[in-house]
Amino acid sequence: MTRRVLLTGGAGFIGSHIAERYVEFGFDVTVIDDLSSGRIENMPKGVRFVRCDICSDEARSVAASGFDILNHHAAQMDVRVSVADPRRDARINLDGLLNLLEGARAGGVRRVVFASSGGVVYGESDRLPHPEEAPKLPVSPYGVSKLASEYYLTAYAQLYGLEVVNLRYANVYGPRQNPHGEAGVVAIFSSRVRNGEGLTVYGDGEQTRDYVYAGDVARANLLASTQPVPPLRFLDDVAVNIGTGQEISVNRLVATLLDATGKRAPVRHAPARAGELRRSAVDPARASRVWGWVPEVSLAEGLRRTYDWMSSQAAA
Ligand SMILES: NC(=O)c1ccc[n+]([C@@H]2O[C@H](COP(=O)([O-])OP(=O)(O)OC[C@H]3O[C@@H](n4cnc5c(N)ncnc54)[C@H](O)[C@@H]3O)[C@@H](O)[C@H]2O)c1
């Protein structure tokens with residue numbers, strides 16, 4: 001039986017990779033996106049597209065029109081915007097989610113897959129990588145809106161029997177990525193290397209992140225859409241980290257990018273940025289145990305693909 005899926009944010013970076021996978025696996029895909037950062041040409045052929053804001057009445061009626069799965073990726077996802085304007089962040093990320101959920105439950109949606117963030121919901125700790133049960137302590141309004149969204153979803157699961165999977169991504173990178181996102185540094189560095197420009201590293205460059213390739217993330221979304229959901233007793237029961245578990249420093253990221261692309265670029269150090277997490281990585285053991293999901297694309301290969309895509313865009 002064909003599964004009907006409503007994918008929000010499907011014209012964006014991660015959403016477009018998920019849309020490709022859904023189409024490839026025969027899902028009937030409708031995308032909602034307001035194109036505020038997404039691009040229509042990101043989407044694969046074969047998806048139905050509705051251009052609207054997730055906070056609108058139109059989005060709620062679309063969500064109510066008979067889908068099996070709601071996959072929610074549309075978001076305000078710039079940490080700095082959330083700090084400067086936390087009400088805007090909450091309007092899109094919380095009111096937008098509730099608007100869709102009200103439509104989804106009226107329309108009989110059975111499962112919701114949500115793009116949460118392991119980079120922002122966990123607190124700072126020396127015990128890395130974070131398992132799903134690690135303490136939560138977001139430092140930004142964006143992190144709070146992701147964690148609050150997870151709580152709203154588990155409340156809907158209990159109230160209305162919705163199946164919920166909260167995917168907590170590490171820093172996602174790859175072709176079509178947005179330089180303002182959590183792994184924006186890959187897009188920025190790739191573009192600067194391509195243009196023969198220097199790279200700026202803040203602080204000593206030993207701060208770490210966990211970089212996961214967008215194609216691997218799309219594969220995890222397919223599993224989250226089709227595999228059984230565990231019983232819900234605690235918030236973390238229905239959360240799944242999607243990352244590599246490896247901490248990569250900015251210095252190593254630069255070295256791997258230059259090595260993988262065979263390019264050179266001068267590196268300049270600037271003062272460390274206030275409020276930046278020192279270390280971050282998520283433990284993907286649960287995804288591996290329950291779904292057999294493991295990241296397949298190495299950092300070097302993923303960076304090369306991202307760089308090649310950026311070069312092809314610039315050439316076009
Ligand atoms: N990129 C990462 O490293 C990362 C990490 C953790 C979580 N996430 C989450 O994954 C999701 C996708 O992120 P991305 O990196 O692909 O970003 P993106 O900006 O490329 O995609 C977001 C999409 O949502 C659309 N959108 C934004 N506001 C909207 C609104 N009000 N109504 C309708 N559409 C709207 C945008 O036009 C865009 O196409 C987000 O929820 C983000 O918080 C991303």
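**Ground rules.** I number residues from 1 along each chain as its sequence is written. As the model is predicted, local features need pLDDT of at least 70 and side-chain atom pairs count only at pLDDT 80 or more, while totals for chains, interfaces and linings use all residues.

**Overall.** I looked up the secondary structure and found eleven helices and 13 strands in the protein chain; these are DSSP runs numbered from the N terminus, helices being H or I of at least four residues and strands E of at least two. The radius of gyration is 19 Å, close to the 20 Å that the globule rule gives for 316 residues, so the chain is as compact as a globular protein of that length. (The radius is taken over C-alpha atoms, and the rule is 2.2 Å times the number of residues to the power 0.38.)

**The sheet.** Next I traced an open sheet of seven strands, in the order β3-β2-β1-β4-β5-β6-β11, with parallel pairing. Strands count as paired if DSSP finds at least two bridges between them. β3 (48–51) and β11 (239–242) are the edges with a single partner strand each, so one side of each has no neighbour in the sheet. From one strand to the next, the twist averages 20°; axes are lines fitted to C-alpha atoms, for helices over the stretch in contact, with angles from 0 to 180 degrees between N-to-C directions.

I then checked β1 (residues 4–8) against β4 (residues 69–72): they pair in the parallel sense over four bridges. Thr8 has His72 of β4 as its bridge partner.

**Helices on the sheet.** Helix α1 (residues 13–24) lies across β1, β2 (28–33), β4 and β5 (111–117), at about 165° to β1. Helix α4 (residues 86–106) lies across β1, β4 and β5, at about 175° to β4.

**The core.** The largest nonpolar core has 82 residues, and Val112 is one of those with the most contacts inside it. (Such a core is a set of buried Ala, Val, Leu, Ile, Met, Phe, Trp, Tyr and Cys residues joined through C-beta atoms within 7 Å; buried means 20 or more other C-beta atoms within 10 Å of a residue's own, with C-beta atoms placed from the backbone.) Domain 1 (4–170 + 213–242) and domain 2 (172–210 + 245–277 + 297–315) both give residues to this core, so it lies between them.

**The domains.** The bounds come from an automatic or database domain assignment. I find the C-alpha centres of the two domains 25 Å apart. Across the boundary, 22 residues of domain 1 are in contact with 16 residues of domain 2, contact meaning C-beta atoms, placed from the backbone, within 7 Å. On the side of domain 1 that touches domain 2, α1 and α8 (214–226) each supply at least two residues.

Technical notes
Two residues are in contact if their C-beta atoms, placed from the backbone, lie within 7 Å. A residue is buried if 20 or more other C-beta atoms lie within 10 Å of its own, exposed if 12 or fewer, and partly exposed in between; C-beta atoms are placed from the backbone.
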